[in-house]
Amino acid sequence: MSENTPLLRVENLVKYYPVRTGIFSAGRRTVKAVNGISFTIDRGKTFGLVGESGCGKSTAGRAILNLVEPDRGAVSLAGRDIYNSETGLRLRGAAMHRARRDMQIIFQDPYASLDPRMSIGQAVAEGIEKHRLARGKGALELAGEVLEKCGIGRESFLRYPHEFSGGQRQRVGIARALALKPAFIVADEPIAALDVSVQAQILNLMSELQEDYDLTYLFISHDLGVVRYFCDSIGVMYLGRLVETGSRKHLFEEPVHPYTQALLSAVPVEKPWEKRNRIKLTGELPSPADLPRGCVFHTRCPHAGEICRTETPGEEQVREGHRVSCHRWRETGNFATGINI
Ligand code: ADP
Ligand code: MG
C-alpha cells in the first residue's frame with residue numbers, strides 16, 4: 001500500500017431492498033436504501049456519515065462491511081478489494097472471515113448484540129478465539145486487557161450484560177471490536193442511546209483508542225452537532241445519496257448544498273444572539289421506495305428550479321476534497337452558518 005492509498009475506498013456503492021407492497025398484493029417495490037455513494041477515509045481519520053433517519057446510513061455501513069451484500073459498486077480496505085461488482089469479486093469463506101477481523105462494527109445498542117447468558121469476559125474472549133488470536137486462558141487474559149483498556153476493570157470480568165449501565169455496555173461493545181485488532185471500525189450511532197453526560201466519555205474513549213491503535217472510523221450519526229467535534233471529514237446523506245462531502249471545516253463553515261445548510265441552521269451555535277438564517281424544510285421526506293425524479297431533494301429545496309425537477313445532478317468539485325451534488329450550488333454558496341471551526 002502506498003503512502004497515499006486511503007484506508008477505505010467506497011465507490012458507487014448501491015444497496016436496494018426488494019419489498020412487498022402489502023400483505024395481499026403481489027406487487028414488489030424497491031427501497032433504494034443506498035443509491036451510489038463514493039468516499040474515501042485516510043488511515044487514522046474519522047469520516048462522519050450524517051443524515052435524517054431512514055436515509056441509508058446503517059445500510060451503507062453494513063454494505064461496506066459486507067454484512068449485507070451490496071448490489072453494485074466497489075469497496076477496498078488498505079488497497080485490497082473487499083467487494084467489486086465490475087470484477088465480480090466477493091470475498092467468501094476464509095477470506096471473508098479474515099477480512100472481518102480488520103473491519104469491525106459498534107452498534108447503537110450493544111445490549112442487542114451481547115448474549116445475555118455470557119459474562120462480558122467470555123463475550124470478548126469468544127471473538128478472540130473465533131479469529132484464532134489466542135485460545136483458552138490466553139484469550140481470557142487478552143479479553144481482560146482489552147476490557148481494562150476500555151475502562152472496564154478486571155473485577156467486572158465475570159459479570160453479565162444486564163448488570164451494566166448503557167455507557168459501560170458500550171465500553172464492552174467497543175472492547176469486543178477492539179479485541180480483534182481491527183484497522184477500521186464502523187460506529188453506527190454509538191452514543192445516540194446514551195445520557196448526554198456519558199456521551200462525551202464514550203467519544204473520549206474512542207478518540208484515545210484511535211490515537212493508540214491508529215484506528216480509522218466511519219462514524220454514523222443523525223446529529224451534525226455530534227460529528228462536529230469528532231470527525232475529520234463529513235458526508236451528508238439524503239435518500240440514499242451523498243449530497244455533500246468535505247472537510248469538517250468546509251462543511252460547517254461554508255456548506256453549499258441547501259440540505260446541509262438547512263441541517264446546519266438548526267445546530268446550536270456559540271453566539272445564539274447573532275442573527276442567523278434559519279432554514280425550515282417544508283414538505284415530507286419522500287419514501288426511498290418512491291424517489292422524486294431529478295434531484296431527490298427538490299421537493300423540499302428552497303432553491304429548486306426547473307432543471308432540479310427533471311435532471312439528477314452529478315457530483316461537482318467545490319474545492320479540493322469538497323464535493324456537492326446540486327445544480328444550483330453556485331447560487332446558494334454564500335450562506336453564513338455562524339459556526340467557526
Ligand atoms: P438510517 O440508518 O439512515 O436510519 P437505514 O439504512 O436503516 O437508514 O434504512 C434506509 C432505508 O432502507 C429505510 O427506508 C429502511 O426502511 C430501509 N431498510 C433498511 N433495512 C431494510 C431491510 N432489511 N429490508 C427492507 N428495507 C430496509
Ligand atoms: Mg441507522
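**Exercise 1. Find the residue just after α1 that takes a positive phi, and give the angle.**

Solution. Go to the end of α1. Just after this helix comes N66. Its phi is positive, at about 65°. Keep in mind that the model is predicted.

**Exercise 2. Decide whether helix α1 is largely enclosed by the rest of the structure, and explain why.**

Solution. Step two: apply the cut-off. Buried means under 20% relative accessible area. Step three: list the residues that pass. They are K57, T59, A60, G61, A63 and I64. Step four: conclude.

**Exercise 3. Describe the surroundings of ligand 1, from the shell to the polar contacts.**

Solution. Start with the shell. 13 residues surround ligand 1. The closest are G54, G56, K57, S58 and T59. Next, sort the shell by class. Six residues are nonpolar, five are polar and two are charged.

Now assign elements. β1 (8-20), β2 (28-41) and α1 each supply at least two residues. The most come from α1, which gives three.

Then look at atom pairs. A polar backbone atom of G54 is 2.6 Å from an oxygen atom of ligand 1. For G56, a backbone N or O atom lies 3.1 Å from a ligand oxygen. S58 uses its side chain: a polar atom there lies 2.9 Å from an oxygen atom of ligand 1. Finish with the area. Ligand 1 taken alone exposes 560 Å², and the protein buries 62% of that.

**Exercise 4. Characterise the largest pocket by volume, lining and contributing elements.**

Solution. Volume: about 430 Å³ of space. Lining: 17 residues, with Q104, G127, K130, R176 and L180 nearest the centre of the largest pocket. Class: six nonpolar, seven polar and four charged. Elements: α2 (93-102), β7 (103-106), α3 (110-113), α4 (120-130) and α6 (166-178) each supply at least two lining residues. The top contributor is α6, with four.

Conventions:
Residues are numbered from 1 along each chain as its sequence is written. Chains are lettered from A and ligands numbered from 1 in the order in which they are written. This is a predicted model: local features need pLDDT of at least 70, side-chain atom pairs count only at pLDDT 80 or more; totals for chains, interfaces and linings use all residues. Side-chain values use heavy atoms; hydrogens and water are left out. Buried means under 20% relative accessible area, exposed over 50%, partly exposed in between (1.4 Å probe, protein chains only). A residue is near a molecule or strand if one of its heavy atoms lies within 4 Å of it. A polar contact is a pair of N or O atoms within 3.5 Å; within protein, one must be able to donate a hydrogen and the other to accept it, and residues adjacent in sequence count only if both atoms are side-chain atoms. Accessible areas come from the Shrake-Rupley method with a 1.4 Å probe; for residues, only the protein chains shown count as cover. Ala, Val, Leu, Ile, Met, Phe, Trp, Tyr, Cys and Pro count as nonpolar, Asp, Glu, Lys and Arg as charged, and the others, Gly among them, as polar. On a 1 Å grid over the protein atoms alone, a cavity is a set of points where a 1.4 Å probe fits but cannot get out, and a pocket is an open set with protein on both sides within 12 Å along at least five of seven lines; lining residues have an atom within 4 Å of a point. Grid points are joined across faces, edges and corners, and a volume is the space filled by probe spheres set on the points.
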